[in-house]
Amino acid sequence: MRDTINNLLKLIRIKQWIKNLFIFAPLIFANQFLNHEAIFQSIIAFFIFSLAASIVYIINDIYDIESDREHPKKSISRPLASGALSNKHAYFMLAFLFTLVLASLSQMLSLIPIILIYIIQNLIYSKFLKHQPVLDIFSISFGFVLRVYAGTIAIEVPLSNWMFITALSLALFLASMKRKSELETQGTSARKVLKKYNKSLINKFAEISSSSTLVFYSLYILSEQPKMVITIPLVLFGLFRYWYISTLKSGTESPTDALLEDKQLLLVVALWVTLVVLVLMGTI
């Protein structure tokens with residue numbers, strides 16, 4: 001029974017919910033982080049998006065079960081591919097999660113279009129876009145932008161142009177680095193689309209997107225929040241550190257694993273959040 005529960009938790013990939021922290025970005029930058037109602041609404045949005053993400057993960061695992069069984073890592077780590085769970089378990093979890101999402105959306109009807117777009121976009125990604133070079137990277141990045149947009153809807157603030165372009169650039173960097181790590185650690189066997197890339201091209205994608213992230217974030221700071229200039233070195237260090245651990249230290253394919261397993265990266269993110277909050281509060 002305990003093994004079944006543990007495998008069900010692996011199936012819904014709770015660890016990957018950390019990506020949904022993008023939802024809280026508008027809460028911070030709209031200076032609503034002391035507003036109890038805004039905090040509560042953001043938490044609801046985070047919960048809904050996390051459930052929707054788990055639905056997508058399960059659907060992907062069902063769809064990719066045969067290819068995952070031939071993958072050196074996924075054949076062991078994915079419960080369906082390894083045989084630790086049956087498809088019946090997966091369908092049960094899908095029904096359960098859909099029920100939770102519908103019940104939760106009744107408390108935030110404005111989020112329904114975003115969740116539908118997110119699920120549909122990911123289904124298209126699983127069947128088609130993940131095999132298309134460049135489109136696969138932009139499709140992954142679009143999911144992060146949707147998370148930020150969901151955060152603005154939750155607290156009823158507009159999505160600023162600066163936040164949109166910075167979030168998109170950062171998401172493109174993370175997606176590019178994921179492909180880069182896959183290509184370096186597993187070659188073209190990791191996924192079909194990698195046969196259409198090479199290391200030089202992926203490096204250029206990562207360089208462009210990381211530079212864009214830094215430039216757009218810095219322009220936002222200098223034009224809108226000059227006191228937050230002290231956070232720019234932290235962003236620069238974070239980009240450097242993530243590139244380092246993705247390339248040399250562990251060769252990790254997942255931004256989530258990189259954040260949770262690297263103390264320096266985790267510390268710099270915590271420091272960045274702390275400084276941003278203190279500046280917006282007027283403490284600094």
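**Exercise 1. Work out which hand the crossing of α9 and α10 has, and how the two helices pack.**

Step 1: The crossing is right-handed, meaning that the near helix is turned clockwise from the far one by less than a right angle.

Step 2: Helix α9 (residues 135–155) and helix α10 (residues 161–186) pack at about 140°, with axes 8 Å apart.

Step 3: The pair is therefore oblique, the class left over once angles under 35 degrees (roughly parallel), over 145 (roughly antiparallel) and 65 to 115 (roughly perpendicular) are taken out.

A word on the model: it is predicted, so local features need pLDDT of at least 70 and side-chain atom pairs count only at pLDDT 80 or more, while totals for chains, interfaces and linings use all residues. Residues are numbered from 1 along each chain as its sequence is written, and side-chain values use heavy atoms, leaving out hydrogens and water.

**Exercise 2. Decide whether L105 is buried or exposed, and list its contacts.**

Step 1: L105 lies in helix α7 (residues 87–105).

Step 2: Its relative accessibility is 7%, so L105 is buried (under 20% relative accessible area, with a 1.4 Å probe and protein chains only).

Step 3: Beyond neighbours within four places in sequence, L105 contacts I48, L111, I112 and I115.

Note on methods: pLDDT = per-residue confidence, 0-100. Helix = DSSP H or I, 4+ residues; strand = E, 2+ residues; numbered from the N terminus. Axes fitted to C-alpha atoms, helices over the stretch in contact; angles between N-to-C directions. Buried < 20%, exposed > 50% of the residue type's maximum accessible area, 1.4 Å probe, protein only. Contact = heavy atoms within 4.5 Å.
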